[in-house]
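Biologist: Hi, this one is new to me. Can you put it on screen and walk me through it?

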Amino acid sequence: MTTKVEKFTTGTAASWAKEPWAKYIRLILIGGGGPGGGGPRTTLATTASGGGGGGGASILDFVFAASQLGNSETYTVGAQVTGGAKASADGGNGTAGAVGSNTTFTIGSGGTTLTAYGGGGGGSGIVNNTSGSGGGAGDGGAGGNGGNGA
């Protein structure tokens with residue numbers, strides 16, 4: 001039995017090619033995790049919290065008979081998302097992280113698209129407050145963003 005493993009870490013509307021000898025295809029899609037929130041900026045006598053961590057993304061794991069897939073299919077790997085910005089001046093709050101990017105695999109020229117959703121972004125760090133919360137995990141849709149400390 002011949003086995004081939006391919007790992008794709010980048011690509012937007014890129015093409016995957018099926019090997020002519022393939023009998024089964026195992027497809028694992030991983031969405032992009034949500035980035036963390038930015039921290040505040042304070043003076044020495046002020047309390048503050050850091051930004052919350054980003055949420056984990058969803059993972060899909062399928063096994064297909066090779067005949068279920070075309071000779072070439074399209075995929076997109078979720079791109080890196082920048083975390084929330086730190087505060088730029090004393091007394092300022094950080095900003096929340098955005099939602100992580102989705103990873104997709106389209107079967108049959110747009111007939112079916114499988115999507116591993118990105119995780120939610122972390123909440124912002126706040127001056128004189130509790131920490132921002134972490135983002136939610138992506139499951140059936142993009143993860144929710146974390147709340148700000150309050």
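Modeller: One term to begin with. Buried means under 20% relative accessible area, exposed means over 50%, and partly exposed lies in between (1.4 Å probe, protein chains only). By that rule F8, at 35% relative accessibility, counts as partly exposed.

Biologist: What kind of model is this, and how are residues numbered?

Modeller: This is a predicted model, where local features need pLDDT of at least 70, side-chain atom pairs count only at pLDDT 80 or more, and totals for chains, interfaces and linings use all residues. Residues are numbered from 1 along each chain as its sequence is written, and side-chain values use heavy atoms, with hydrogens and water left out.

Biologist: How many aromatic pairs does the structure hold?

Modeller: It holds 3 aromatic pairs. Rings of Phe, Tyr and Trp (its six-membered ring) pair if their centres lie within 6.5 Å; planes under 30 degrees apart are stacked, over 60 edge-to-face, the rest tilted. F8 and Y75 form a tilted pair, 4.8 Å centre to centre, with 40 degrees between the planes.

Biologist: Where in the chain are F8 and Y75?

Modeller: F8 is in the segment before β1 (14–17), and Y75 is in strand β4 (residues 72–76). They are 67 residues apart, so the pair links distant parts of the chain. Strands (E, at least two residues) and helices (H or I, at least four) are DSSP runs, numbered from the N terminus.

Biologist: Is Y75 buried or exposed?

Modeller: Y75 counts as buried, because its relative accessibility is 10%.

Biologist: New topic. How many salt bridges are there?

Modeller: A search of the whole structure finds 4 salt bridges. Each is a side-chain nitrogen of Lys or Arg within 4 Å of a carboxyl oxygen of Asp or Glu.

Biologist: Which residues are linked in a network?

Modeller: Salt bridges link K4, E6 and E19 in a network. For K4 and E6, the closest N and O atoms are 3.8 Å apart. For K4 and E19, N to O is 2.4 Å. E19 lies in the loop between β1 and β2 (24–30) and K4 in the segment before β1, so this pair ties together parts 15 residues apart in sequence.

Biologist: And how accessible is K4?

Modeller: K4 is partly exposed, at 43%. E6 is partly exposed too, at 38%, and E19 is partly exposed at 26%.

Biologist: What does R41 meet?

Modeller: R41 meets D90 in a salt bridge, 3.1 Å from N to O. R41 is in the loop between β2 and β3 (59–65), and D90 in the loop between β4 and β5 (103–107), 49 residues apart.
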